[in-house]
Amino acid sequence: MMGCIFCEYDKDKYIAENDLAFAIYDNFPVNKGHILVIPKRHFSSYFEAKAAEIEAIFKLTKRCKEILEVKYDPDGYNIGVNVNYPGGQTIMHLHQHIIPRYKGDVENPRGGIRKLKPNLVEYDG
């Protein structure tokens with residue numbers, strides 16, 4: 001699709017790919033090694049994905065974990081998808097984040113993404 005940064009992404013910068021998806025390093029990483037896994041077909045929402053695309057993203061996610069283990073040796077991961085602008089999506093082409101986590105990268109990682117905003121209900125793990 002014309003004007004979509006992911007549809008027009010330079011294939012030489014792919015770090016991994018399969019028939020239906022590709023992976024790149026995030027240009028605005030949350031942590032070192034932050035990867036995006038992106039379907040090749042242009043659509044915006046996770047809920048529009050075909051089963052084969054979800055499977056391709058899953059397989060590529062596992063491959064990216066292997067790459068990250070060798071290159072960065074993270075201690076944990078956050079994996080997620082933002083859906084629609086209110087959910088944090090700013091590029092309207094589905095993409096999954098793989099964010100490596102490291103001991104000490106935040107003072108208290110307990111609760112993972114629950115630290116994103118104040119919780120509706122208190123969470124103490």
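## Helix H1 and its surroundings

The buried residues of H1 pack against strand E1 (16-17), E2, E3, E4 and E5. Please keep in mind as you read that this is a predicted model.

Which residues of H1 are buried? They are Glu53, Ala56, Ile57, Leu60, Thr61, Cys64, Ile67 and Leu68. These residues lie on the same side of H1, because they cover an arc of only 145° around the axis. As background, an α-helix has 3.6 residues a turn, so residues three or four places apart point the same way. On the face of H1 turned away from the buried side you will find the exposed residues Ala51, Phe58 and Val70.

The helix has 21 residues, and the distance from its first C-alpha to its last is 30 Å, close to the 30 Å expected at 1.5 Å a residue. After H1 comes aspartate 73, which has a positive phi, near 50°.

## The nonpolar cores

The largest nonpolar core has 15 residues, and those touching the most other members are Ala21, Ala23, Ile35, Val37, Leu60, Cys64 and Ile98. At least two residues of this core come from each of strand E2 (21-25), strand E3 (35-39) and helix H1 (51-71). H1 is the element that gives the most, with six residues. Another core, of eight residues, lies apart from this one and includes Phe6, Phe22, Leu36 and Ile38.

## The cysteines

How many disulfides does a search of the whole structure find? The count is zero. Cysteine 7 has its closest cysteine sulfur in cysteine 4, but the 3.7 Å between the sulfurs is too far for a bond, since a disulfide needs them within 2.5 Å. Cysteine 7 is partly exposed, with a relative accessible area of 27%.

Cysteine 64 is in no disulfide either, and the nearest cysteine sulfur, that of cysteine 4, is 18 Å away. Cysteine 64 is buried, at a relative accessible area of 0%. Not counting residues up to four places away in sequence, cysteine 64 touches Ala23, Ile35, Val37 and Ile98.

## Histidine 95

Histidine 95 sits in the loop between strand E4 (76-81) and strand E5 (96-101). Is histidine 95 buried or exposed? With 8% relative accessibility, histidine 95 counts as buried.

A polar atom of the histidine 95 side chain lies 2.7 Å from the backbone oxygen of histidine 93. Leaving aside neighbours within four places in sequence, histidine 95 is in contact with Phe6, Leu36, Val37, Ile38, Gly80, Val81 and Gln89.

How values were computed. Residues numbered from 1 in each chain as written. Predicted model: local features only at pLDDT ≥ 70, side-chain atom pairs only at ≥ 80, totals over all residues. Heavy atoms only, no water. Core = buried A, V, L, I, M, F, W, Y, C linked by side-chain atoms within 4.5 Å. Buried < 20%, exposed > 50% of the residue type's maximum accessible area, 1.4 Å probe, protein only. Helix = DSSP H or I, 4+ residues; strand = E, 2+ residues; numbered from the N terminus. Contact = heavy atoms within 4.5 Å. Polar contact = N/O pair within 3.5 Å; in protein donor to acceptor, adjacent residues only side chain to side chain. Expected span 1.5 Å × (residues − 1). Arc of directions from axis to C-beta.
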